[in-house]
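This report covers one protein chain, beginning with a single residue and widening to the whole fold. Please look over the sequence and the model before reading on.

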Amino acid sequence: QVQLVESGGALVQPGGSLRLSCAASRDIFSINAIGWYRQAPGKERELVATIISRSITNYADSVKGRFTISRDNAKNTIYLQMNSLKPEDTAVYYCNARLYENYKWGDYWGQGTQVTVSS
């Protein structure tokens with residue numbers, strides 16, 4: 001199991017930048033996939049960016065070239081650097097970890113952090 005705590009959400013103007021953090025309660029090197037999802041009002045939760053098998057990164061088309069996912073193994077923390085933010089990036093951002101333990105997959109979620117892009 002793993003507990004995830006997000007931070008860094010805020011109100012930011014269009015074109016601005018923000019960095020989200022997700023602190024995990026265990027060694028993130030042991031996590032099969034870890035990353036970020038978001039959910040806007042009235043919409044389904046969607047993938048933003050993930051790190052799979054420790055090194056493979058995957059991004060939604062809508063954020064490629066603007067967002068960067070990274071990790072700090074020493075701090076058991078992942079980050080989402082968001083640049084050139086747009087109003088459509090407004091959402092609650094959730095950290096997700098996927099683990100294979102005891103012969104089954106488990107999905108774990110943080111509590112979410114609000115990002116609002118508005119002038």
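This is a predicted model: local features need pLDDT of at least 70, side-chain atom pairs count only at pLDDT 80 or more; totals for chains, interfaces and linings use all residues.

I56 is placed in strand β6, which covers residues 56–59.

Once residues up to four places away in sequence are set aside, I56 touches T50 and I51.

Is V63 buried or exposed? V63 is buried, and its relative accessible area is 0%. This residue sits in a loop, the one that runs between β6 (56–59) and β7 (67–72).

Beyond its neighbours within four places in sequence, V63 has contacts with R38 and V48. The C-alpha distance from V63 to A33 is 19 Å, for a sequence separation of 30 residues. From V63 to Y37 the C-alpha distance is 12 Å, and here the sequence separation is 26 residues.

## Y37 in strand β4

Y37 belongs to strand β4, residues 33–39. Its relative accessible area is 19%. Buried means under 20%, so Y37 is classed as buried.

Which residues does Y37 contact, leaving aside its neighbours within four places in sequence? The list consists of R45, E46, L47, V48, T50, V92, Y93, Y94, N96 and W109. One of these, V48, is also in contact with V63. Another, T50, is touched by I56 as well. Of the remaining contacts of Y37, V92, Y93, Y94 and N96 fall within the residue range 91–101 of strand β9, and W109 falls at the end of the range 104–109 of strand β10.

Strands β7 and β8 run antiparallel and are joined by six bridges, with β8 covering residues 77–82. Within this pairing, R71 has I78 in β8 as its bridge partner.

The two strands form a hairpin with four residues between them. In this hairpin N76 takes a positive phi near 50°.

## The β9–β10 hairpin

Strand β9 (residues 91–101) pairs with strand β10 (residues 104–109) in the antiparallel sense, over six bridges. L99 stands opposite G106, a residue of β10. The hairpin that β9 and β10 form has two residues between the strands.

Where do N102 and Y103 lie? N102 is in the loop between β9 and β10, and Y103 is in the loop between β9 and β10 too. N102 has a positive phi of about 50° although it is not a glycine. For Y103, likewise not a glycine, phi is positive at about 65°. N102 is exposed, with a relative accessible area of 68%. Y103 is exposed as well, at 77%.

## The chain as a whole

The chain contains zero helices and 11 strands. Its pattern along the sequence is therefore β-β-β-β-β-β-β-β-β-β-β. The radius of gyration is 14 Å, close to the 14 Å that the globule rule gives for 119 residues, so the chain is as compact as a globular protein of that length. Along the principal axes, the C-alpha trace spans about 45 × 30 × 25 Å.

Of the 119 residues, 41% count as buried; V63 and Y37 are among the buried residues. For contacts with a separation of 6 or more, 55% are between residues 24 or more positions apart.

## Surface and charge

The accessible surface of the chain comes to about 6,500 Å². Carbon and sulfur atoms account for 47% of this surface.

How many positive and negative side chains does the chain have? There are 13 positive and 10 negative side chains. The centres of the two sets lie 3 Å apart.

Note on methods. Residues are numbered from 1 along each chain as its sequence is written. Side-chain values use heavy atoms; hydrogens and water are left out. The radius of gyration is taken over C-alpha atoms; the globule rule is 2.2 Å times the number of residues to the power 0.38. Buried means under 20% relative accessible area, exposed over 50%, partly exposed in between (1.4 Å probe, protein chains only). Contact means heavy atoms within 4.5 Å. Accessible areas come from the Shrake-Rupley method with a 1.4 Å probe; for residues, only the protein chains shown count as cover. Lys and Arg count as positive and Asp and Glu as negative; His and the chain ends are not counted. The place of a charge is taken as NZ of Lys, CZ of Arg, CG of Asp or CD of Glu. Two strands pair if DSSP finds at least two bridges between them.
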